[in-house]
Structures are given as C-alpha cells and as structure tokens.
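Have the sequence and the 3D view open side by side as you read.

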Amino acid sequence: MRMMLWVVRVLLCFGLTAGTVYPAHADRPLQLAVASDLRFAMQDMIRAYNDKYPNYRVQLIFGSSGKLTTQIQHGAPYDILFAADIAFPERLVSAGLAAGDPEPYALGRLVLWSRHLPVESLGIETLEQPRVRRIAIAQPQHAPYGMRAQQALEKLGLWDTLSHKIVYAENIAQAAQMAQSGAVDVAIIAQALARSSGMQHRNYYLLDEALHEPLVQGFVVTIRGNTHPQLNDFLKFIQSSDAAVIKQRYGFGLISTLEARND
Amino acid sequence: MIELSGADWQAIQLTLKLCAYTTIILLCIATPIAWWLSGGRSPLRTFVQAIVALPLVLPPTVLGFYLLLVLGPEGLIGGTLESFGGRHLAFSFEGILFASVLYSMPFAVQPLYDSFSRLGRRPVDVAASLGAGPLDRFFTVVLPMCRGGFVVAATLSFAHTIGEFGVILMLGGSIPGETKVLSVLIYDHTEAMNYGAAHQLSLMLLVFSLLVLFTVYAINKRFEVVRI
C-alpha cells in the first residue's frame with residue numbers, strides 16, 4: 001500500500017497522470033462545455049472573469065448542446081454544461097450525472113440575417129421574396145434553434161411554402177456561416193451570433209418571441225465539476241450584474257422576463 | 001429486426017446514386033490524367049500528381065468550406081454559372097457530385113497510375129506500329145491489360161464516396177433526397193440521440209463496405225497475374 005502511494009506521488013511529480021488523477025487542490029482549469037450560440041458571449045464573460053480573478057484558468061469547449069450532453073454521458077471531463085436548451089441539462093440530471101438542478105440562464109432569440117438583403121426593413125417579408133432561393137436553419141431534429149425556427153415558420157404559415165428552399169445546417173454556427181459566406185440568401189440564427197464582431201455590421205431582423213417556445217439557455221454542474229475549487233466564485237460571477245450586461249449586449253433575454261410573462 | 005424509414009431509404013438511394021455517378025465520372029477523368037502522369041518524369045507531372053493527392057491531406061470540412069465559397073452564388077464557379085443564367089452549385093446534388101469527384105480523385109488516379117506505369121509504353125507502341133488507332137489501342141491493349149487497375153480505381157472511388165462526410169456536411173445543407181446522404185443521416189440520427197436508427201444504418205454500411213473491399217481485394221489478387 002505504501003509502495004502504491006509512492007508510485008502515485010512520483011507519477012504526480014512528473015505530471016504523468018495529468019488529465020486523469022487530480023488532487024482536489026491542484027490548479028486544474030475549469031472546463032466548460034458551451035453551446036455554439038453562447039460562444040462569443042461566453043468568451044467575453046471569461047475575459048471579464050479573468051480580469052476579476054487573474055489566477056483562475058478556464059477552458060471552453062464548444063459544440064452543439066446535444067453533442068456535448070452525449071459526451072458528458074460518456075465520460076467527457078467537463079465541469080459545467082451550458083446548453084442552448086435547458087432540456088439537455090435536465091437529461092444529465094435524469095442520467096444521474098449532474099450535481100444539482102439545471103439553472104435557467106438566459107433566453108435565446110432568433111433573428112433573420114442576410115448578407116445582401118435589407119432584412120431590417122423587409123422583416124418577415126424577406127423570406128417570401130422571389131430572389132430568396134435558399135434559407136438556412138439549424139437541423140430541427142437536434143438543434144434547439146433549428147426546432148424554434150421551424151416552429152416560427154409554421155406559426156407564420158410559411159413552413160409548407162418555403163420548405164423547398166430550406167437547407168439544414170448541423171448547428172446554429174454553421175447556419176450563420178452559410179449566410180455570411182453568401183451561400184444562402186437568408187439564415188435564421190441566434191441573435192447572439194448576429195451580434196458577434198464578425199457579423200454585426202450587417203443588419204438583422206428580430207423575430208417575435210411569441211412565434212416559438214422560449215429558448216431557455218440552461219446550465220448544470222456535473223458530478224465532476226461539483227468539487228472544483230473555482231466553482232463557487234464562477235457561479236457567483238455568471239449570475240452577477242457584470243455577466244448580465246454581457247448577456248444583454250449579445251441580445252439574450254433575461255430569465256426574469258420569462259418569469260414575469262408566466263406569472 | 002431491421003426497420004428502415006422512408007428517409008433512410010431515400011438516403012441510401014441518394015448515396016448509391018452519388019457513388020455511381022462519381023465513379024463513372026472519375027474513370028473518365030482519371031484515365032487520361034493517370035496515363036499522362038505515367039508517361040515519364042517531369043516537374044510539371046510531379047506537380048500535377050501532388051495537386052491530385054491534395055484531398056488526401058486537406059481536412060474535409062476545410063475543403064467543404066472552400067468549395068462552398070467557390071460553388072456558391074458569389075463564388076468563381078457558382079457566380080460564373082449564374083451569370084450565364086444557370087444555377088449555382090451549393091446545396092445541390094450537382095454540387096456534392098462535383099465535390100465527390102474532386103475528393104475521391106486520388107483514389108481513382110493512383111491505382112490507374114500504378115497500373116499504367118507497370119504496363120509501360122511498349123505494348124501500346126507495338127500495337128501502334130501494327131497499325132492500331134488510338135481508340136483501338138486503348139480498348140484492345142490498355143483496358144484488358146490494366147483491368148485490375150480499373151477495377152481497383154472504380155471500387156475505391158465508389159467506396160470512398162460512401163464514406164464521404166465532412167465535405168458534404170459543409171456543402172450539402174442536408175436536404176432530403178438532394179444532399180442528405182447516408183453518412184450525414186447517420187450523424188443526424190446520433191445527434192438527435194436516435195441511437196437505434198443510427199446503429200442499424202451503421203451496421204448496414206459496415207457490412208456493405210466490408211463486402212465491397214473484400215471483393216476488390218479478391219479481384220485484385222486474380223488480376224495480379226496480368227503483368228508484363
């Protein structure tokens with residue numbers, strides 16, 4: 001037994017077990033699994049977080065909510081999952097992989113974005129323009145923004161007439177990229193992406209949120225993340241007013257507005 | 001046990017169509033290229049050989065992204081087609097066919113190149129001296145003597161196109177019946193956590209691919225004797 005302890009100590013000295021065995025006090029970075037729509041907002045938030053706590057290290061892993069959830073279910077070393085739809089953190093809870101309850105975090109909003117059409121003034125009519133030949137949305141079967149885009153088009157009575165023009169992106173960031181490259185005429189994307197520095201000089205049109213189910217962004221701490229030394233500071237930070245300012249800058253609605261609407 | 005939905009069948013059909021077209025087009029393009037490459041050594045030949053092999057190295061999503069730019073309405077090829085009153089190629093079957101031909105090119109050119117190099121120019125020269133025309137020389141000398149190379153080139157192009165994913169994901173837009181091929185559908189199933197459907201299709205793909213490759217190697221062994 002004593003021998004084993006020595007072996008472990010020696011291995012730790014050489015960093016050979018890095019990534020597998022960490023003593024609780026080691027300076028392991030906080031690893032956040034973040035849905036694509038939160039990419040730019042989260043990067044800004046981590047910048048602000050690091051201004052406040054220069055010694056804390058955070059690593060961001062981006063992907064679609066579904067993929068990140070599956071990865072965690074199969075042992076991915078993420079401390080917190082930030083998903084574009086709170087249904088995914090709930091799935092981790094029911095799989096027994098979460099340390100607490102899912103927290104609603106912000107409300108996602110959908111926008112129409114085009115590289116060459118004046119969507120801001122045309123609004124919904126943009127979609128019915130004959131010169132619009134391709135419209136990109138995220139895959140409704142698994143991407144939360146895609147599902148809400150389909151709901152909105154159905155509610156507008158446009159889904160059937162437009163379905164032959166729709167192309168499906170693997171995630172919301174790819175839908176944005178299709179529109180930005182001009183390969184599609186219009187894309188229905190997250191407002192947070194439309195406001196990112198790469199796309200913000202173009203105009204966009206904000207879709208009425210009554211057209212679809214709310215896009216409640218939610219996060220949950222995983223079992224692994226629950227003992228992370230940064231956890232309390234980080235949770236306090238992302239629920240602070242500093243973080244709220246960043247969320248609003250990227251066009252996320254605050255959860256309180258949803259609660260007010262439901263009351 | 002295996003239950004396929006309409007969408008699954010549609011994707012299987014589309015994939016087979018894409019593979020068949022890609023293979024036919026590639027055999028037509030790759031044959032002259034490989035013949036020219038096997039004709040000797042020169043810096044230009046080496047350069048072309050390197051270009052043909054590029055898809056082996058480039059990450060498929062990168063290739064797909066640039067193809068989207070080039071084939072889209074504002075790209076060089078897509079834009080030119082539009083200005084002649086045509087339709088750009090992004091998000092269409094023609095677009096992913098173009099991409100597949102490019103992407104599987106090394107798998108068609110390389111076996112043909114090897115085969116032609118082994119054949120050498122002598123049999124063709126002899127046939128020419130006996131008065132055979134160019135087409136005659138190709139069909140009665142090159143094709144029968146290099147059929148192993150043609151079989152391998154065709155099968156590898158076909159098989160490689162079945163497994164194509166990244167390029168089509170970027171360029172295709174996942175349109176059912178048009179660009180939603182089997183690999184993209186399986187990916188969608190896994191993303192939507194429809195593991196049952198994904199497992200089924202993956203298993204079919206696995207068995208089919210194994211069968212195809214087994215056949216190629218079996219045929220290849222049989223043709224190894226045809227050598228000069």
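What follows is a short briefing, grouped by topic.

This is a predicted model, in which local features need pLDDT of at least 70, side-chain atom pairs count only at pLDDT 80 or more, and totals for chains, interfaces and linings use all residues. Residues are numbered from 1 along each chain as its sequence is written, chains are lettered from A and ligands numbered from 1 in the order in which they are written, and side-chain values use heavy atoms, with hydrogens and water left out.

**Chain B on its own**

- Chain B has 11 helices and 0 strands, where helices (H or I, at least four residues) and strands (E, at least two) are DSSP runs numbered from the N terminus.
- Its C-alpha atoms fill a box of roughly 65 × 50 × 30 Å along the principal axes.
- An unreviewed UniProt entry gives the annotation "domain: ABC transmembrane type-1" to residues 12-216 of chain B; UniProt positions are given here in the numbering of this model, feature names are shortened, and annotations may be inferred rather than shown by experiment.
- Residues 12-216 of chain B are 80% helix and 0% strand, with the end C-alpha atoms 21 Å apart.
- The unreviewed UniProt entry also marks residues 20-38, 50-69, 89-113 and 195-219 of chain B as "transmembrane region".
- Residues 50-69 of chain B are 90% helix and 0% strand, and 23 Å separates their end C-alpha atoms.
- For residues 89-113 of chain B, the figures are 84% helix, 0% strand and 30 Å between the end C-alpha atoms.

**Where chain B meets chain A**

- In this interface, 22 residues of chain B are in contact with 25 residues of chain A, contact meaning heavy atoms within 4.5 Å.
- About 2,000 Å² is buried between chain B and chain A, and carbon and sulfur atoms give 51% of that area; buried area is the accessible area (1.4 Å probe) that two parts lose on being put together, summed over both.
- B:E74 pairs with A:R115 in a salt bridge, with the closest N and O atoms 2.7 Å apart.
- On the side of chain B that touches chain A, α3 (60-71), α9 (166-172) and α10 (182-191) each supply at least two residues.
- That side of chain B has 13 nonpolar, 3 polar and 6 charged residues; Ala, Val, Leu, Ile, Met, Phe, Trp, Tyr, Cys and Pro count as nonpolar, Asp, Glu, Lys and Arg as charged, and the others, Gly among them, as polar.

**Inside chain A**

- Chain A divides into domain 1 (25-107 + 214-262) and domain 2 (110-206), with bounds from an automatic or database domain assignment.
- The C-alpha centres of these two domains of chain A are 26 Å apart.
- Between domain 1 and domain 2 of chain A, about 1,300 Å² is buried, 60% of it from carbon and sulfur atoms.
- A:D37, A:L215 and A:Y250 lose the most area on the domain 1 side, together 38% of what that side buries.
- The two domains of chain A share 2 salt bridges.
- A:R148 forms a salt bridge with A:D85, and their closest N and O atoms are 3.0 Å apart.

**Salt bridges overall**

- Over all chains, the count is 10 salt bridges.
- A:R28 and A:D79 form a salt bridge with the closest N and O atoms 3.1 Å apart.
- This pair links distant parts of chain A, 51 residues apart: A:R28 is in the loop between α1 (2-13) and β1 (30-35), and A:D79 is in the loop between α3 and β3 (80-83).

Key:
Salt bridge = Lys/Arg side-chain N within 4 Å of Asp/Glu carboxyl O.
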